Amino acid sequence: MKKVVILLGCIAQIPLYAQTKDSILTGNIERITIMGQRGVDLRKESKPLSSLDEYMENSGKIRMIKRGNYAWEPVLNNMTTERTSVTIDGMKIFNACTDKMDPVTSYVEISNLNQIAISSGLEGGPHGGNNIGGNIDLQLNKTGFSDRKWNSSLVTGYESNGNYHSNGGNVSYSSSRFYTNFGIFHRKSENYSAGNHQEVDFSQFEKWNAYANLGVDLKKSRTLEGSFIYDDASNVGYPALPMDVKSARAWIGSLTYKKEKISDLISLWETKVYFNDITHVMDDTKRPNIAIHMDMPGWSKTYGFYSKIKGNKGRHSFMVNWEGYYNQSLAEMTMYPADPSEKAMFMYTWPDVRTFNTGLYLEDEYFINENNSIYISSRISAQKESLQSDFGLKSLQIFYPDMNKDKERFLIKGSAYYRYSKDGWYVSAGGGYGERAPSVSEAYGFYLFNSFDAYDYIGNPGIKKERSLETSLILKMKKQSFDISLDANYFYFPDYIIGKIDSSLSSMTIGANGVKLYMNIHDVSLFNTNFQFNYRFLNYFEWNNRISYSLGKDKQKNTIPLTAPLMYTSQLTFKKSDFISEVRINGAGKKNEYSPEYGEGKTSDYLIYNAALGYGFKWDNTRLTFKIGIENIFDRWYSTYADWNHIPRKGRNYFVNVLLNL
């Protein structure tokens with residue numbers, strides 16, 4: 001371990017950037033290829049019916065903040081959802097929950113996923129918006145046009161820890177002129193147990209997810225596609241938070257028009273219109289010893305579009321994307337005193353904020369020759385925010401008497417990279433500059449209790465936009481029997497948005513430590529690095545290894561919250577014909593770099609062992625696959641740096657998954 005730390009210390013002297021183990025390189029965009037060309041090939045996965053959260057956490061680039069047993073928050077480059085964006089097929093979707101209990105990733109089931117495209121850092125991708133940490137695009141599984149006709153599948157799974165059931169089905173039809181695939185999935189879990197059989201109260205959940213995708217060939221290289229998702233979660237416990245979720249419901253729909261081979265210059269024109277409606281209801285009725293009962297519903301509605309073209313001209317490969325969206329974010333809180341003769345107290349925690357954003361994204365890759373290219377991208381956008389609730393506006397004017405209900409911002413972002421590829425070697429070096437507008441909570445939140453540091457937070461409508469500079473480098477070598485990659489990136493924030501204590505204000509939440517206001521701090525830095533080594537030998541074996549480390553500091557040398565410590569994983573897989581087995585370890589060092597200033601505490605090191613095996617039977621066009629495994633074999637009690645309030649992870653867990661493909 002000491003040698004590993006020394007190695008990472010040397011790596012820290014230069015900015016690097018690389019891909020995850022399960023990624024292939026497409027320009028500067030990573031795609032997690034555990035997702036098949038037409039949907040996930042569940043037969044190849046250790047635990048085929050894992051939640052999307054678990055799949056993403058194993059990708060290497062993405063970390064997950066866990067507040068319960070359901071709906072974890074994705075983190076990219078050690079940046080949370082304020083600084084990153086998560087889209088579904090390019091659609092902007094925003095939380096309806098002030099406590100981030102409803103991340104966008106909770107609305108996509110693994111059977112409805114084709115692949116995950118990761119645009120890291122300020123490159124951002126065409127649908128990244130004005131984020132700084134990057135974009136995660138969940139690309140849906142669309143059957144496509146072919147002569148495969150009807151296909152169907154049924155899946156069922158059981159996990160011993162939490163009495164967790166997963167069941168689903170999918171049907172698809174395709175022809176040369178029409179395709180459709182649709183399915184339904186159900187998950188239900190009781191409270192799970194941490195190591196040493198310690199039950200974690202309020203960790204139960206249940207959810208239904210239904211989806212449909214279809215496409216029509218309009219001839220002359222024109223197609224029309226539609227997608228729809230309905231997701232309904234209920235009785236969701238959040239043991240790391242003071243409240244649970246009574247109901248979380250999402251309606252997501254889109255319509256896409258594509259035309260290919262338009263001219264020698266333009267190869268594709270794609271236009272999409274979409275709409276999503278999220279309703280999220282928190283309550284604490286099942287919690288014991290509640291001093292004041294609260295209801296906290298939230299709503300988010302988004303209307304949006306994008307229109308992009310792709311083309312080639314000489315040595316240039318380019319894309320232009322124009323997009324826009326209109327979002328309504330509204331959240332409220334009603335507090336009911338124990339004495340029924342007293343009046344309930346009501347307030348808006350998000351005062352009906354309307355956000356309109358439109359922007360133009362441009363990218364171009366110029367190929368100097370077959371081995372060298374230069375890639376540039378840029379985005380400019382205009383954003384207007386408006387508070388529609390007079391009651392909410394007047395509440396914020398208590399702290400900001402001169403604020404207006406409208407706020408306009410102009411945001412820019414740009415990046416440039418040099419790329420080299422030859423004989424299995426790949427190098428990419430570059431950087432960029434980006435700006436982001438504050439989130440709804442950062443600008444307009446009103447007494448939002450953060451259980452991580454036990455402070456009430458108040459937004460700041462006059463806060464400056466956050467600015468960031470990034471530099472990054474990829475080093476990658478791929479040979480027949482092995483491949484190695486080394487990466488890191490470095491971000492510098494002249495203006496970083498974070499909550500700081502205001503001792504002149506009194507908290508509203510019982511037991512809160514005080515009040516924090518969002519503000520800009522200066523000279524914040526964040527460094528991330530990854531090392532990966534994969535080795536294939538004796539025809540049937542593959543050994544995959546990954547080590548990562550991050551460090552974030554503010555001007556006073558306080559550690560930025562939720563920055564990952566040294567983490568590592570190693571997996572040995574044996575595969576022959578229809579049989580597969582694997583052993584995997586996951587571990588982390590102690591988190592010695594933490595900051596009480598931001599509510600962080602020390603986390604211990606851990607090492608977890610997992611094992612799985614599976615076998616597939618095939619006859620005619622039918623295939624039956626069995627997967628069994630055990631996670632956390634030695635039933636260790638542990639908690640990671642990203643587990644909210646040190647909520648423990650699952651103890652020993654046996655699972656069995658059965659897949660039937662027809």
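This is a predicted model: local features need pLDDT of at least 70, side-chain atom pairs count only at pLDDT 80 or more; totals for chains, interfaces and linings use all residues.
User: Start with the whole protein. How many helices and strands does it have?

Analyst: The protein has four helices and 37 strands.

User: What does the radius of gyration say about the overall form?

Analyst: Compare the value with the one for a compact globule of equal length. For 662 residues that would be near 26 Å. The protein has 24 Å, so the two agree. The C-alpha trace spans about 70 × 60 × 55 Å along its principal axes.

User: What share of the residues is buried?

Analyst: Buried means under 20% relative accessible area. By that cut-off, 57% of the 662 residues are buried.

User: How do I read contacts against sequence distance?

Analyst: Take contacts between residues at least 6 apart in sequence. Then ask what share joins residues at least 24 apart. Here that share is 66%.

User: And charge? How far apart are the mean positions of the positive and negative charges?

Analyst: They are 6 Å apart. The protein has 76 positive and 71 negative charges.

User: Now single residues. Where is V245, and is V245 buried or exposed?

Analyst: V245 sits in strand β18, residues 244-260. Its relative accessibility is 4%, so V245 counts as buried.

User: Which residues does V245 touch, beyond its neighbours within four places in sequence?

Analyst: The contacts include M101, S234, N235, V236 and Y238. H280, V281 and M282 are also in contact with V245. Look at M296 as well: 51 residues away from V245 in sequence, but 9.4 Å away in space, C-alpha to C-alpha.

User: Take a polar contact next. Which side chain pairs with that of H186?

Analyst: The side chain of E206 does, at 2.8 Å. H186 is in strand β13, residues 178-189. Its relative accessible area is 14%, so H186 is buried. Leaving aside neighbours within four places, H186 contacts H165, S166, N167, E206, K207 and W208.

User: What is the side-chain partner of S386?

Analyst: The side chain of S386 makes a polar contact with that of Q388, also at 2.8 Å. S386 belongs to strand β23, residues 372-387. S386 counts as buried because its relative accessibility is 11%. Past its neighbours within four places, S386 touches D352, V353, R354, K405 and D406.

User: Last, backbone angles. Which residue has a positive phi of about 60° although it is not a glycine?

Analyst: That is N78. To place such a residue, check its element and its accessibility. N78 is in the loop between β6 (73-76) and β7 (84-88). Its relative accessible area is 14%, so N78 is buried.

User: And S577: what is its phi, and is S577 buried or exposed?

Analyst: S577 has a positive phi of about 55°, and S577 is not a glycine. The residue sits in the loop between β33 (567-576) and β34 (579-588). With a relative accessible area of 65%, S577 is exposed.

How values were computed:
Residues are numbered from 1 along each chain as its sequence is written. Side-chain values use heavy atoms; hydrogens and water are left out. Helices (H or I, at least four residues) and strands (E, at least two) are DSSP runs, numbered from the N terminus. Buried means under 20% relative accessible area, exposed over 50%, partly exposed in between (1.4 Å probe, protein chains only). A polar contact is a pair of N or O atoms within 3.5 Å; within protein, one must be able to donate a hydrogen and the other to accept it, and residues adjacent in sequence count only if both atoms are side-chain atoms. Contact means heavy atoms within 4.5 Å. The radius of gyration is taken over C-alpha atoms; the globule rule is 2.2 Å times the number of residues to the power 0.38. Lys and Arg count as positive and Asp and Glu as negative; His and the chain ends are not counted. The place of a charge is taken as NZ of Lys, CZ of Arg, CG of Asp or CD of Glu.
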